[in-house]
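Subject: Structure handover

Hello,

I am passing this structure on to you. Please look through it, then read the notes below.

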Amino acid sequence: MCRQVCEAVRSGNQEVLADVRTIVNQSSYTPQDPRDLCGHILTTCYMASENSSQETCSRARELAQQIGSHHISLSIDPAVKAVMGIFSLVTGKSPLFAAHGGSSRENLALQNVQARIRMVLAYLFAQLNLWSRGVRGGLLVLGSANVDESLLGYLTKYDCSSADINPIGGISKTDLRAFVHFCTERFQLPALQSILSALPTAELEPLADGQVSQTDEEDMGMTYAELSVYGRLRKVAKMGPYSMFCKLLSTWRHLWTPRQVADKVKRFFSKYSMNRHKMTTLTPAYHAENYSPDDNRFDLRPFLYNTGWPWQFRCIENQVLQLERAEPQSLDGVD
């Protein structure tokens, strides 16, 4: 965006120049270097916790340096300890991560409190960061949840997915990776290459010997590539559980058995329906793709989904049993 603005100003676009001067609050400012403009309008903030790896912190710092943003690095640990201290004071209980012997409920709650504190801090810095630097105005908070995460509900309600606008809210993980790869070469941003090669992780659980022990795909129980397929079939092809199973039975016939395909489809639709309530807080985004997530801020009917999908899952199970009882044969005819 900063590159396009600078090109427009160089070409003599006075309207763009006037808008930039209004935004940065400097009547004589003329953007020439995209990195300089980025430093005026974009603040990036890496909010580390005791569960964050040094590698991720370094990637954030390197990318900020290469794009020119005003970068802040801080620790959320004091805030997390303060919030959990209040809970322990009231209840007399101290929840533990699963890695330390805690239950799944404790483990999830300890992850969520980190994510939600980051949202609170993001809005605090958006309101007061410019003030602290002696600059007038305020900032918008940008969200970071993609289509696939929204579709599955793989996000914490009111965490960093909650923002004023989400630039990637209408884009799938697979398309995002292609876009980042393009930017790596087009805009000479080598820091993006290390981001592409890193395993996607929330880094909300304790590290193991200083290394990340948690990955997104392990948490979700499916890969982002699979999730992208489910999303397109559900939204674009308008498929429910049984029709998606039949389609994937053919598509994935050389990869998975009918039982494995059935388990994958059931897992997706169970999590999809279970997390529809999160769509009521979906941050506004630019939706240019036909696989964009549904907007359920006003249409609450999906809350009525039976997360067990009894009729559809029963049909899938019957089909699997028939295939397992039948003699080995080609599945090409399954539609």
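A disulfide here means a pair of cysteine sulfur atoms within 2.5 Å. By that rule the structure, which is a predicted model, holds zero disulfides. For Cys38, the nearest cysteine sulfur belongs to Cys2 and is 4.6 Å away, so Cys38 is in no disulfide under the 2.5 Å cut-off. Cys38 is buried, at 5% relative accessible area. Cys246 is in no disulfide either, and the nearest cysteine sulfur, that of Cys315, is 9.0 Å away. Cys246 is also buried, with a relative accessible area of 6%.

Overall layout

The protein has 14 helices and two strands. Its C-alpha trace spans about 80 × 60 × 40 Å along the principal axes. Of its 335 residues, 41% count as buried. Among contacts with a separation of 6 or more, 66% are between residues 24 or more positions apart.

Domains

The protein is divided into domain 1, residues 30-139, and domain 2, which takes in 140-205 + 220-326. The C-alpha centres of the two domains lie 25 Å apart. At their interface, 26 residues of domain 1 are in contact with 21 residues of domain 2.

The size of an interface is often given as the accessible area lost when the parts come together. Domain 1 and domain 2 bury about 1900 Å² between them, and 57% of that is on carbon and sulfur atoms. On the domain 1 side, Arg59, Gln66 and Tyr123 supply 28% of the area buried against domain 2, more than any other three residues. How many salt bridges does the rule find across the interface of domain 1 and domain 2? The count there is zero.

Nonpolar cores

The largest nonpolar core has 26 residues, of which Leu227, Tyr230, Met244, Phe245, Leu248, Phe268 and Phe269 touch the most other members. The elements that give two or more residues to this core are α7, α11 (224-235), α12 (241-251), α13 (258-274) and α14 (310-325). Helix α13 gives the most, with six residues.

Leaving aside residues up to four places away in sequence, Leu227 touches Asp148, Leu151, Leu152, Met220, Met222 and Phe268. There is also a second, separate core of 11 residues, which includes Ile72, Val80, Phe97 and Leu121.

Salt bridges

A search of the whole structure finds five salt bridges. One of them joins the side chains of Arg232 and Asp175, at 3.4 Å from N to O. Arg232 lies in helix α11 and Asp175 in helix α8, so this pair ties together parts that are 57 residues apart in sequence. Both partners count as partly exposed: Arg232 has 31% relative accessibility, and Asp175 has 28%.

Another salt bridge is formed by the side chains of Arg259 and Glu324, at 3.3 Å from N to O. Because Arg259 lies in helix α13 and Glu324 in helix α14, the pair ties together parts that are 65 residues apart in sequence. Arg259 is partly exposed at 24% relative accessibility, as is Glu324 at 46%.

Glu317 and Lys266 also meet through their side chains in a salt bridge, at 3.1 Å from N to O. Here Glu317 lies in helix α14 and Lys266 in helix α13, so the pair ties together parts that are 51 residues apart in sequence. Is Lys266 buried or exposed? Lys266 is buried, with a relative accessible area of 18%, whereas Glu317 is partly exposed at 23%. Salt bridges that share partners join Arg259, Lys266, Glu317 and Glu324 into one network.

Tyr158 lies in the loop between α7 (147-152) and α8 (173-186), and counts as partly exposed at 43% relative accessibility. Gln188 is found in the loop between α8 and α9 (191-197), and is exposed, with a relative accessible area of 56%.

Regards

Note on methods: Residues numbered from 1 in each chain as written. Predicted model: local features only at pLDDT ≥ 70, side-chain atom pairs only at ≥ 80, totals over all residues. Heavy atoms only, no water. Buried < 20%, exposed > 50% of the residue type's maximum accessible area, 1.4 Å probe, protein only. Helix = DSSP H or I, 4+ residues; strand = E, 2+ residues; numbered from the N terminus. Core = buried A, V, L, I, M, F, W, Y, C linked by side-chain atoms within 4.5 Å. Contact = heavy atoms within 4.5 Å. Domains from an automatic or database assignment. Buried area = accessible area lost by both parts, 1.4 Å probe. Salt bridge = Lys/Arg side-chain N within 4 Å of Asp/Glu carboxyl O.
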